[in-house]
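Morning, everyone. Please have a look at the structure on the screen, and I will walk you through a few parts of it.

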Amino acid sequence: MTERVKQFIDSNNLLTKNAKVVVGVSGGADSVALVYILQQLGYSCIIAHVNFNLRGNESERDENFTRELALKLQLPFFQTSFNTIEVANTRSISIEMAARELRYTWFNELLQQTNAEAIAVAHHSDDNAETLLMNLTRGTGIKGLTGIPVKNQNIVRPLLCVSRSNIEQYLQSIHQEYVTDSSNLQNDYNRNQFRNLIIPAIEKINPSFKTTITANIERFKEVQAIYDKQINSDIEQITIHRNHQLIIDLNKLRLLEYKRTVLFEILNRYGFSNDAIQRISNFQILNTGSLFFSETHKALIDRDKIIVSDNSAVENYDCLISENDSEVFEPVHLKIKKRTVNSEIIRNNKVLTIDISKAEFPLRLRTWKQGDIIYPYGLNGKQKLSDLFTNLKMNRFEKEKQLVLLSGEKIMWVVGIKADKRFSVDENSSEILEIELIK
């Protein structure tokens, strides 16, 4: 078995030779076997144990067993303890989710503290079968059929190539004891129901079920590679990134035969739920302005586009620029220069050039408001900014962040878009002020 794990580690480039590794050890058969095998293969192991305080005396027993194991193997031992139920209640998440977040957050802290190369955890092929069935039950794409990742950033899983029975036989062969988590025998958790009820029922129909699933997972991984290549090509064709936003071209999306799948793969990456994606996929009947949210992002239906932006609150900026300022960095980057009128005047929406004598300092840079007006070049009289934005077909997200520069109560510049002619350079001007928007 040790040789099989070695080949698995090498073929998947999980660890470099003699690497220092943080090994998550609960005291159960899987993690005990993992630390033995890694040590036997020459890796420098650090045992890390988490006490979740979920099983009373059993939790204390597991902690003591793992500490004694570290002493027996003469390995560094780190331990931490959490009130997992309290964390779950505070965050309104399941106990399973709270335990997972607490465990991996601490493992990563320990990784940095010990300067180790990776965190090794003891998932095996039986866990893979359970995960696939759970994903199918919840609903999943191709990725959910590929089981547990062999490597995920700094986390490696060297035992995915062996089964639970292989692990127990190995420990028996080296006469090493382990502890048993009694909660694994109860069916209070979803995974335990799959482990203790569903998979045994399937094995009555197909005794080789776990072997079959393991083989299928490997095939699904190859299918995913092909799938990802095509999907990523399609996504590249129908999307652009602009001003920290992702823009999906609906006209191009409509031409795809499998448009719902491509849309799912785009929006899923931004945390949108299956239900939200299903509703967004009906974009052909949704009104412009329809808005959908994930925990981190928002998606706006805007005419022939879907615009995805981060879900941060809109900030109303309001700051002053003095006559002596030469540069501003927040909320946008502006470079400010005074020049003589004899210099060449740059005519560009990204550069404001005005007669400095017509300006009232300090200038004011703020987010635009309803009712704001400008006297633009090429137009007799004034124009509402709301009308200007409509003519420019600006989307809701762009409008929310648009800035204006004022002299007193008069708008001099809709920043990056249009200047006000009341501050223009003329034959009587002697000194000009040039303000450039830096992207």
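First, the ground rules. This is a predicted model, where local features need pLDDT of at least 70, side-chain atom pairs count only at pLDDT 80 or more, and totals for chains, interfaces and linings use all residues. Residues are numbered from 1 along each chain as its sequence is written, and side-chain values use heavy atoms, with hydrogens and water left out.

Helices (H or I, at least four residues) and strands (E, at least two) are DSSP runs, numbered from the N terminus.

Now the helices. α2 covers residues 29-40, and α3 covers residues 57-73. Their packing angle is about 15°, and their axes, lines fitted to C-alpha atoms over the stretch in contact, lie 12 Å apart. Angles run from 0 to 180 degrees between N-to-C directions. α2 and α3 are therefore roughly parallel (under 35 degrees). Who makes the contact, meaning heavy atoms within 4.5 Å? From α2, V32, V35, Y36 and Q39; from α3, F65, L69, K72 and L73.

Next, strand β15, residues 351-355. β15 pairs antiparallel with β22 (residues 431-438) over five bridges; pairing takes at least two bridges found by DSSP. D355 stands opposite I432 in β22.

Last, the open sheet. Its five strands run in the order β12-β16-β19-β20-β21, with antiparallel pairing. The edges are β12 (318-321) and β21 (418-419). Inside, four bridges join β16 to β19, and R364 stands opposite L406 in β19.

Conventions. Angles under 35 degrees count as roughly parallel, over 145 as roughly antiparallel, 65 to 115 as roughly perpendicular and the rest as oblique. Contact means heavy atoms within 4.5 Å.
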